[in-house]
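Please open the structure in your viewer and keep the selection panel at hand.

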Amino acid sequence: MKRFILATILLVVVVAFCGGLIWFNFFRTKMIEQFFANMKAPVVTISAITVEPAQWTPGIEAVGTAAAAEGVDVAVQAGGIVEKILFKANDKVEQGQLLVQIDDAVERAGLVSANTAVAVSQDALSRAQALLQRNVSTVASLQEAQNNLDKAKGALTQLEATLDQKAIRAPFPGTIGIPKIDVGQYVQPATVVATLQNLDQMKVNFSVPEQELGSLKIGQPVRFGLKEDDLNFSGKITGIDPKIDAASRLVSVQALLDNADETLRPGQFIRVRVDLPVEQGVIALPQTAVTISLYGAYVYAVQDAPAAAPASGDAAKSAEAAKPADAGKPAEPAKPDLVAKQVFVKLGRRSGDRIEIVEGVKPGMQIVTSGQNKLSSGSPVAVDNSVQPVPGADANAGASKS
């Protein structure tokens, strides 16, 4: 009997403990649910713009390589010892100016002999002509004298050409580079003396997709710059390659621009933009407003929060009791609460910090431009445009689009 009583007491204690534990867990879960149900989501501060149709300047953008309109590596034509170097690095030289003199003492010594040979041959020809007129000589003698004169003149011309080759001159005006030879050095033909570049005008070579070929034409204006947002050089297209590269599907284009201040240098990368006709009424947003994910591109639109259901019962009584003492006074109209709504969009062309919206956004909508990383659809928001990611960004900004 004692054992039975003890077992019964123990069973009652276990059941009471388990029941209390179950009740506590149920009570805790209920309280947590009530706590979070009454907790409002935090308000996220964002910046936003109002969408309005804007002017759109489409264009073709590329990266090109600058080259001098006239540029060569001046090289030696006839080998020999360098006698004089008549320029310094970055000198401005004129067309025909002597740059380097190769030792030509041997050729100049031979020049005297060549001139003498021409004079002797000329005298012999004159005598042969006089004798033929008196029928003392033959036509064959006259022809031989003429041939000897021609050979002497050819030798003289060849010698003069060799002398010209040993006097290296500038083929056009421009800026000469660093000398790559020294006085007293023996140089072979094709040895580079220095680079000569005419920097007054520059050629820019760039490539565009084959789909854009129909938009290009000779003489079309082009803008250039060293930075994407600073295209301060202007020029025009001077050549379009008639063949499209079969591997890359790109077509080569060349443009010419003035470079009077010599800011650009050959071999430099340069931004290129070919402006196309202006379009009106295009909807465009800052690229910071658009989020691209695996499910597509979307933006957040700012809307009024849906009206809350009227309170009833104990909740209404609690709200009434919580009113401040001056609640009887007329209250100012409350500003409507704002929430963010996720809107999927279809994107179009881009340029700089702007992107065209083809579908999903309409004029008059308010679109979030910063703070999206803290948002989800339905999140309460507060608009503060002092935190714009792009200073002065607004939907009316005239964007150059591609």
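Contact here means heavy atoms within 4.5 Å. The model is predicted.

Begin by selecting Q201, which lies in strand β10 (residues 192-209). Leaving aside neighbours within four places in sequence, Q201 is in contact with A68, A69, L256, L257, D258 and N259. Show the side chains of Q201 and D258: a polar contact of 3.2 Å links them. Is Q201 buried, exposed or partly exposed? Its relative accessibility is 32%, so Q201 counts as partly exposed.

Next, select the strands β7, β6, β4 and β9. In that order, these four strands form an open sheet with antiparallel pairing. At its edges are β7 (167-169) and β9 (186-187), each of which pairs on one side only. Now display helix α3 (residues 139-166), which packs on the sheet and touches β6 (98-102) and β7. The direction of α3 makes about 55 degrees with that of β7. Within the sheet, turn to strand β4 (residues 80-85), which runs antiparallel to β9 and is joined to β9 by two bridges. Select I81 and look across to β9, where Y186 stands opposite.

Finally, select R354, found in strand β20 (residues 354-359). With a relative accessible area of 5%, R354 is buried, because buried means under 20%.

Notes:
Residues numbered from 1 in each chain as written. Predicted model: local features only at pLDDT ≥ 70, side-chain atom pairs only at ≥ 80, totals over all residues. Heavy atoms only, no water. Buried < 20%, exposed > 50% of the residue type's maximum accessible area, 1.4 Å probe, protein only. Pairing = 2+ DSSP bridges. Axes fitted to C-alpha atoms, helices over the stretch in contact; angles between N-to-C directions. Polar contact = N/O pair within 3.5 Å; in protein donor to acceptor, adjacent residues only side chain to side chain.
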